[in-house]
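Here is a short report on one protein model. Have the sequence and the 3D view ready as you read.

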Amino acid sequence: MGVAIMTKRNPCRYLKEYMNQQGMIVQEWQRGYIQDRSVKDQLYLVSPGVGGEMDERWYNYEEVKLTKGHWTNRRPPVSKKSFWRRAK
């Protein structure tokens, strides 16, 4: 079996809930990376950036803020100049 490679393409902040030592539920914004999204269910699959599939969780759109402000999943196109120079 291959190891899943985490992409650091869509940086974000997500609202994480946990319980502190006093038993109070605490919410805080943490940094992470969006691995996938479900537009139909309005969910993002967020990874904290440490690596490994165990840490990934689905969060609602309301609980996630995209750092760049938009979804990115395309690589920038290769310049046509580079092909022209290589062909000579």
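## Two tyrosines inside

Tyr14 and Tyr59 are both buried. Here buried means under 20% relative accessible area, exposed means over 50%, and partly exposed lies in between (1.4 Å probe, protein chains only). This is a predicted model: local features need pLDDT of at least 70, side-chain atom pairs count only at pLDDT 80 or more, and totals for chains, interfaces and linings use all residues. Residues are numbered from 1 along each chain as its sequence is written, and side-chain values use heavy atoms, with hydrogens and water left out.

## Aromatic pairs

How many aromatic pairs does the structure hold? There are 3. Rings of Phe, Tyr and Trp (its six-membered ring) pair if their centres lie within 6.5 Å; planes under 30 degrees apart count as stacked, over 60 as edge-to-face and the rest as tilted. The ring centres of Tyr14 and Tyr59 are 5.1 Å apart and their planes meet at 45 degrees, so this pair is tilted. Tyr14 sits in strand β1 (residues 10-19) and Tyr59 in strand β4 (residues 57-60), so the pair ties together parts that are 45 residues apart in sequence. Strands are DSSP runs (E, at least two residues), numbered from the N terminus.

Tyr44 and Tyr61 make a stacked pair, with 4.5 Å from centre to centre and 20 degrees between the planes. Tyr44 is in strand β3 (residues 43-47) and Tyr61 is in the loop between β4 and β5 (64-66), so this pair ties together parts that are 17 residues apart in sequence. Tyr44 is buried, at 8% relative accessible area. Tyr61 is partly exposed, at 24%. Ring pairs join Tyr44, Tyr61 and Trp71 into a cluster.

## A charge over a ring

What lies over the face of Trp29? Lys65 does, at 4.4 Å from the ring centre. A charge sits over a ring if NZ of Lys or CZ of Arg is within 6 Å of the ring centre and within 35 degrees of the ring normal.

## The sheet

In what order do the 5 strands of the open sheet come? The order is β4-β3-β2-β1-β5, with antiparallel pairing. Two strands pair if DSSP finds at least two bridges between them. The edge strands, β4 and β5, each pair on one side only. Strand β2 (residues 25-38) pairs with β3 over 5 bridges, in the antiparallel sense. Ser38 has Leu43 of β3 as its bridge partner.

## The nonpolar core

The largest nonpolar core has 8 residues: Cys12, Tyr14, Ile34, Tyr44, Val46, Tyr59, Val64 and Trp71. Such a core is a set of buried Ala, Val, Leu, Ile, Met, Phe, Trp, Tyr and Cys residues joined through side-chain atoms within 4.5 Å. β1 and β3 are the elements that give two or more residues to this core. In soluble globular proteins, nonpolar side chains tend to be buried together.

Asn10 is in strand β1. Asn10 is buried, at 4% relative accessibility. Leaving aside neighbours within four places in sequence, Asn10 has contacts that include Gly32, Leu66 and Trp71. Contact means heavy atoms within 4.5 Å.

Arg31 lies in strand β2. Is Arg31 buried or exposed? Arg31 is exposed, with a relative accessible area of 58%. Not counting residues up to four places away in sequence, Arg31 touches Cys12, Arg13, Tyr14 and Pro48. The C-alpha atoms of Arg31 and Leu15 are separated by 9.1 Å, and these two residues are 16 residues apart along the chain.

Note on methods: Helix = DSSP H or I, 4+ residues; strand = E, 2+ residues; numbered from the N terminus.
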